[in-house]
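Please keep the sequence and the coordinates at hand while reading.

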Amino acid sequence: KWRSVLLFPMFVSSVEFLFSIKKIANNTMYAYAVADNLVLVQMTSLFGVHSLSFMLALFGSLLEYAVQFWIQNKRKIHKGVWIYLGVLFFFYFYGSIYIQFPPKKENYIRVFATVGNEPTDVYLTGDINYDYIYDYTKIVELVQKDAKLAKDNGCQLLSYAEESWSYFNYSALNGALLPAIGNIAKENDLMISFSIDIYQPDKNNPLDDTKITYYNGNIFFDSDGEQKYTYIKHNLVTTSEPEYTYGKHKLKTFKTKYGKWTTVICYDLNFSPFMNFIAFKHPEVVLIPSWDTTPVARLQSEVIAKFRAVENGYNVLKNTFGGLTVAYDYTGRVMTSHFENEWAHYAVITDLNTQAKVTLWSCIGIFWNYFYIVAIFVFIFVKAQFNCKNIIVLHEEENAYTDLPLKSSRVEVKSSTDGSRVTTVGIKAKNAGTVDELQ
């Protein structure tokens, strides 16, 4: 039956969603196979990435069913094929219209996005038990140079890649470094997205390396020098960040002169429900400082970042260590794409759209995902009920013959003497035979 045709794509969509909730990000969704088809990708702005996976998975199961139907019914085409083609045509038509209205150029700003590692002369070795401690005055000098270059090139944002500055003491961070970065932002009328690893020693044992708490964070400064938002990475890569503590604070947006913005970090991008939860707050721009390795550069930057931008209607900037730095508008158009395998400290200057679009998916989001999970159980239940609805009761003294439906899966045999019942499961015979044969 056609119910079986829908079961596989619903299963695929549900599993993809469950794997993208927490801890294990799903990097191999069906939908990612058509990332280069920008028209079809626009479908995700309506029903999310999992709906596109559903449509792609449905193609195979529907094709197999349609061929069988065509052979058994004298070359008639099943109506399900026409429905599928009609839905696909609608999404192509929608996508073709949607991308004809790109963001207006007056909503663009220029971004000075750093890529590569920090200069090695920025830290000093220390006599205490930490590997090294930073001389924050050298960090300030380097940020001042970057800010001047950004301003000279007409940029409104200076954005640092993930972990541009590392292992700075928490108390020193708040007491000296952050106020200095805020002053640089104010002096240059420049927003600064400042990515930094933070270590917080234990209060009672400050020199005990085993009791240090590590955070992977990003701190955003507005152009007036105000510290707008501190974000701690929520989704950590278990293989490379086992020592870090994940963020437990609530996600939020913050206001800038260019609308509402927010920040996440690298691996957070891979979790579609997490990124959709941010979309409920309707930010115009999502900054994603990252640290990619070469094998995952294309997947994370060219594919996943594009899908997150399109389905949620916001604009994405993902500047990266050792990988692909990209900026996308809400239609998935590339505003910049720069691959860097050399860990040198320099920048990519790019345009960034600051006008977002409210999509259907950004509003219904995670509720639609749960629909898949509920629906698959409903389909299983309905199919089981359908197969068991024909129950035939025979009396043992009748020695009767009966015609069972081909899909009947249960036969009850009731004794005429004591009323006891015997159930046989899995019978699919046209002529079932006698009562003794049934038992």
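**Salt bridges, cores and a helix pair**

At a relative accessibility of 46%, Asp189 counts as partly exposed, a class lying between buried (under 20% relative accessible area) and exposed (over 50%), computed with a 1.4 Å probe on protein chains only. The model is predicted: local features need pLDDT of at least 70, side-chain atom pairs count only at pLDDT 80 or more, and totals for chains, interfaces and linings use all residues. Residues are numbered from 1 along each chain as its sequence is written, and side-chain values use heavy atoms, with hydrogens and water left out.

Asp189 forms a salt bridge with Lys257, at 3.6 Å from N to O; the term requires a side-chain nitrogen of Lys or Arg within 4 Å of a carboxyl oxygen of Asp or Glu. Asp189 lies in the loop between α6 (170-187) and β6 (191-200), and Lys257 in the loop between β9 (254-256) and β10 (259-263), so the pair ties together parts 68 residues apart in sequence. Helices (H or I, at least four residues) and strands (E, at least two) are DSSP runs, numbered from the N terminus. Lys257 is exposed, with a relative accessible area of 51%.

The structure holds six salt bridges. Another of them joins Asp152 to Lys148, with the closest N and O atoms 3.0 Å apart. Both residues lie in helix α5 (residues 136-152), four residues apart, about one turn of the helix. Lys233 and Glu241 also form a salt bridge, at 3.1 Å between the closest N and O atoms, and both are buried. A network of salt bridges links Glu162, Lys233 and Glu241.

What does the largest nonpolar core hold? This core has 65 residues, and Trp261, Leu157 and Phe307 are among those with the most contacts inside it. A nonpolar core is a set of buried Ala, Val, Leu, Ile, Met, Phe, Trp, Tyr and Cys residues joined through side-chain atoms within 4.5 Å. Helix α3 gives the most to this core, with eight residues. A second, separate core of 25 residues includes Ile139, Tyr160, Ala185 and Phe194.

Helix α3 (residues 44-72) also meets helix α4 (residues 79-98): their axes come within 11 Å and cross at roughly 150 degrees. Axes are lines fitted to C-alpha atoms, for helices over the stretch in contact, and angles run from 0 to 180 degrees between N-to-C directions. The contact (heavy atoms within 4.5 Å) involves, among others, Phe47 and Leu62 of α3 and Tyr84 and Phe91 of α4.
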